Amino acid sequence: GLDFERKIIAKPNAAALMEKQFMNKNWEVQPIMFSGNTDCYQPIERKLKITRQMLEVLLKFRHPAGMITKNQLILRDIDILQELAKLKLVHVMVTITTLNEDLRLKMEPRTATAKNRLKVIEQLSKAGIPTGVMTAPIIPGLNSTEVPELIKAAAQHGATGAGFTIVRLNGAIEE
């Protein structure tokens with residue numbers, strides 16, 4: 001439903017909290033992953049720029065991070081990502097669920113097309129940012145046969161790695 005898109009909880013002070021944590025003498029450096037369950041480049045990010053502010057803090061403290069996104073908005077932050085990449089502190093995974101546009105519209109309405117996501121991989125890669133493809137979610141019988149083609153297409157656009165998440169279907173959902 002649309003609730004996932006309409007009910008967004010923003011943390012406008014996230015960058016300040018991150019900086020405070022990094023300044024704590026007991027902080028142990030370990031990579032931070034942006035996204036995973038929720039894309040850090042939600043539409044509200046255009047206005048709030050929370051992710052960009054956090055990337056600036058990462059660069060300031062030379063702190064490692066990874067990102068997963070399906071959104072072209074990541075290209076807005078390519079300047080900071082390039083600086084982090086020069087220091088070998090960042091890698092990006094771009095999620096592509098399917099190359100079949102009809103299926104994408106059903107699985108991920110109102111999202112960037114696979115063609116546009118491949119362009120994002122290409123632009124990030126050309127900018128020197130280590131970029132891979134996240135083939136997710138893989139749903140057996142729906143898009144599982146596409147994995148080799150997805151990885152090949154991503155590699156042709158500069159991806160240097162691939163990951164996946166398989167959805168496990170239980171009970172009545174399985175059918």
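**Entry 1: the second largest pocket**

I sorted the lining of the second largest pocket by class and found eleven nonpolar, four polar and four charged residues. In this sorting Ala, Val, Leu, Ile, Met, Phe, Trp, Tyr, Cys and Pro count as nonpolar, Asp, Glu, Lys and Arg as charged, and the others, Gly among them, as polar.

I note that the model is predicted, that local features need pLDDT of at least 70, that side-chain atom pairs count only at pLDDT 80 or more, and that totals for chains, interfaces and linings use all residues. Residues are numbered from 1 along each chain as its sequence is written, and side-chain values use heavy atoms, with hydrogens and water left out.

I looked up the lining itself: 19 residues, of which Ile9, Lys11, Thr38, Asp39 and Cys40 lie nearest the centre of the pocket. Helix 3 (45–48) and helix 4 (50–61) are the elements that give two or more residues to this lining. Helix 4 gives the largest share, three residues. The volume of the pocket is about 570 Å³. A pocket here is an open set of points on a 1 Å grid over the protein atoms alone, where a 1.4 Å probe fits, with protein on both sides within 12 Å along at least five of seven lines; lining residues have an atom within 4 Å of a point. The volume is the space filled by probe spheres set on the points, which are joined across faces, edges and corners. Helices (H or I, at least four residues) and strands (E, at least two) are DSSP runs, numbered from the N terminus.

I looked up Arg52, which is in helix 4. Arg52 has 18% relative accessibility, so it counts as buried. Buried means under 20% relative accessible area, exposed over 50%, and partly exposed in between (1.4 Å probe, protein chains only). Leaving aside neighbours within four places in sequence, Arg52 is in contact (heavy atoms within 4.5 Å) with Glu45, Arg76, Asp77, Asp79 and Ile80.

Lys49 sits in the loop between helix 3 and helix 4. Its phi is positive, about 55°, although Lys49 is not a glycine. Most residues other than glycine have a negative phi.

**Entry 2: helix 7**

I checked the length of helix 7 (residues 114–126): its 13 residues reach 18 Å from first C-alpha to last, close to the 18 Å expected. The expected span is 1.5 Å times one less than the number of residues.

Which residues of helix 7 are buried? I found Ala114, Arg117, Leu118, Val120, Ile121 and Leu124. Seen down the axis of helix 7, they fall within an arc of 150°, so they line one face. The arc is taken from the directions from the helix axis to the C-beta atoms. Lys115 and Lys126, on the other side of helix 7, are exposed. The buried residues pack against helix 5 (78–86), strand 3 (90–95), helix 6 (101–107), strand 4 (131–138) and helix 8 (147–156).

I list Leu150, Ala153 and Ala154 as the buried residues of helix 8. Seen down the axis of helix 8, these fall within an arc of 100°, so they line one face. On the other side of helix 8, Pro148, Lys152 and Gln156 are exposed. Helix 7 and strand 4 are among what covers the buried residues of helix 8.

In strand 4 I looked up Pro137. A cis peptide bond joins Ala136 and Pro137, with omega about -10°. Most peptide bonds are trans.
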